[in-house]
Amino acid sequence: MDMLTITNLKKRFGDKEVLCGLNLSVPSNSVFGFVGRNGAGKTTTMKAVLGLLKPDDGQIFVSGKKVVWGQTETNQYIGYLPDVPEFYSYMTPFEYLIFCGEICGMKKSDIKERSTKLLSLVGLENENHRIKGFSRGMKQRLGIAQALLSRPKLLICDEPTSALDPEGRKEILDILVAVKEETTVLFSTHILSDVEHICEEVAFLNEGKIVMQGKVSEIRNIRSSKEFTLEVINREDTKKLMDNFKDIRHTEENTLVFSGEENKVFDVLRYVYENKISIQKMERIEPSLEDVFLEVMKK
Amino acid sequence: MKSLFAFIKKEWIESVRSGKFIYIVILFILFGIMSPAIAKLTPWMMELKADSLAEAGLIVTEVSVDALTSWTQYFKNIPIGLIAFVLIYSNIFTKEYQSQSLVLVFTKGLSRYKVVLAKSAMMLLLWTLGYYFCFAITYIYNSYFWDNTIAHNLLPAVVYWWLFGVWVISLIVLFSVILKNNTGVLLGTGGAVLTVYLAGLLPKLREYMPTMLMDTSSLLSDATGAGSYMKAVIVTGVLSVVFVAASVPVMNKREI
């Protein structure tokens, strides 16, 4: 069953058509990557799912229930982490979670237990200061805690790692992987390595439409690589190789990238053997999601 | 209901921790003390100025002050108190729009009308507390120095002015759900009060206008009875409720 279904979603801001007939379905209990350039319409889509924006056309269903703009009944199934989460800075993290639990209508004992558990999950259990002095990473972590508080069926994270340093990014990704068991995660980003790390499914958004959707492993293989690199010991050898082969790129000091069919590998190896060229390494280039993404965006 | 109280509690914590509550308390204590203090000091000040006034041809004879002088001063101070209150609380909604802190609250499924109600309730509570605290201070001083019974219709006059403040709060709420920034809310509220004030200058409209409730001098001196304010009281009360109620559908359809 799909946790989230969007059909023909349209939204226009003035002259700019941000979403032009977007269709998307997110299966239950998956970590779903929602990828697009800055300004592609990721946040607009998410805000429409949350009932914060009025779509011009289209329908959204969360856990089978229709989303109605302004009325936020479906939000009881959703936990939301905005790109820059804003809290009440005069509260402590614990106080904020208690407040969130109370407005969700959770039981008092449950709120306390859950808040304590989540604060330790995100590593903020010893932070008794007010949120005012928190770093971006700490705010993101608190953002995840508040989003998970009411045990949502769907966790929506809007670029949770974009503004963080590598360490902070890793922490957030680890947390998202950890919560996969409990909930479906929809996670927007433009950092493709993050998607490769934690997502099972991915959708590419371009110019207000989904241009590709599927399993990360399958999408990666759509574009099977026909490229391999060769790193030689002596620089002069690169010149010889370049004179002898076509479709060749000089990328670094001693490294060449060849493209061609399987036979090309043997040709190059034969040439290396016959001319006694000392090599450092030879490697097939693995197709990355980024390559697929860039190719799809070009179309 | 639980979520409404949770949001009211949050508003209270915000008022206290942001220092707004303390400003309101200090302000209204000051105004409460100021009215009798000014009345008490008037003869002394006149005496000090007697010489220079004499040169100008004015002869100061004995100046007598009583509770009425102090109450007149009280009703001159209260408008400044209300303006300060409006300045302090006019950003109660707009600050949250700008910081986007309501996004998380709404995505948790809190009904939007509860935000309107909680914020209205908090402003009403603080205005009521501050206003009557100020009144109590002046009342105690006045009864210590003079005799409060000299002021006629004191209770209606005080309640009417309080009701005027409630109406101004409902204007803050209404303009806050329509407009985006604090300046807009201030201009809208100020503009609405000014418009009503100007309309009240027309004799035919005067008795229906909320601004009539600010005119307490004729009440205190018993020139007019408290009953003649009834139309203005009803209009003001109804408008206050209507403004807050009308804010709910506007808030429901607002893009956050």
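Is B:Ile140 buried, exposed or partly exposed, and how many other C-beta atoms lie within 10 Å? B:Ile140 is partly exposed, because 13 other C-beta atoms lie within 10 Å, and a residue counts as buried only with 20 or more and as exposed with 12 or fewer. Please keep in mind that this is a predicted model. B:Ile140 has its place in helix α6 of chain B, which covers residues 112–145. From B:Ile140 to B:Thr195 the sequence separation is 55 residues, and the C-alpha to C-alpha distance is 36 Å.

Let us turn to chain A. Two domains make up its division: domain 1 spans 2–222 and domain 2 spans 227–287. Taken over C-alpha atoms, the centres of domain 1 of chain A and domain 2 of chain A are separated by 45 Å.

Chain A also holds an open sheet of 4 strands, with antiparallel pairing and the order β2-β1-β4-β5. At its edges are β2 (16–27) and β5 (65–66) of chain A, each of which pairs on one side only. Strand β1 (residues 2–13) of chain A runs antiparallel to β2(A), and 9 bridges join the two. Within this pairing, A:Thr5 has A:Ser25 in β2(A) as its bridge partner. Helix α1 (residues 42–49) of chain A packs on the sheet, where it touches β1, β2 and β4 (57–62) of chain A. The direction of α1(A) makes about 115° with that of β1(A).

Next comes the contact between the chains, to which chain A and chain B each bring 24 residues. On the side of chain A that touches chain B, β6 (78–81) and α2 (93–104) of chain A each supply at least two residues. Helix α2(A) gives the most to that side, with 5 residues. The residues of this side divide by class as follows.

| Class, side of chain A touching chain B | Number |
|---|---|
| Nonpolar | 15 residues |
| Polar | 6 residues |

In soluble globular proteins, nonpolar side chains tend to be buried together. Here the largest nonpolar core has 136 residues, and A:Ile156 and B:Ile172 touch the most other members. Helix α7 (residues 154–178) of chain B gives the most to this core, with 16 residues. Beyond its neighbours within four places in sequence, A:Ile156 is in contact with A:Met46, A:Val49, A:Ile78, A:Tyr80, A:Leu81 and A:Leu186. There is also a second, separate core of 5 residues, among them A:Val232, A:Leu256, A:Phe258 and A:Val268.

Key
Residues numbered from 1 in each chain as written. Chains lettered and ligands numbered in written order. Predicted model: local features only at pLDDT ≥ 70, side-chain atom pairs only at ≥ 80, totals over all residues. Domains from an automatic or database assignment. Contact = placed C-beta atoms within 7 Å. Nonpolar A, V, L, I, M, F, W, Y, C, P; charged D, E, K, R; others polar. Pairing = 2+ DSSP bridges. Axes fitted to C-alpha atoms, helices over the stretch in contact; angles between N-to-C directions. Core = buried A, V, L, I, M, F, W, Y, C linked by C-beta atoms within 7 Å.
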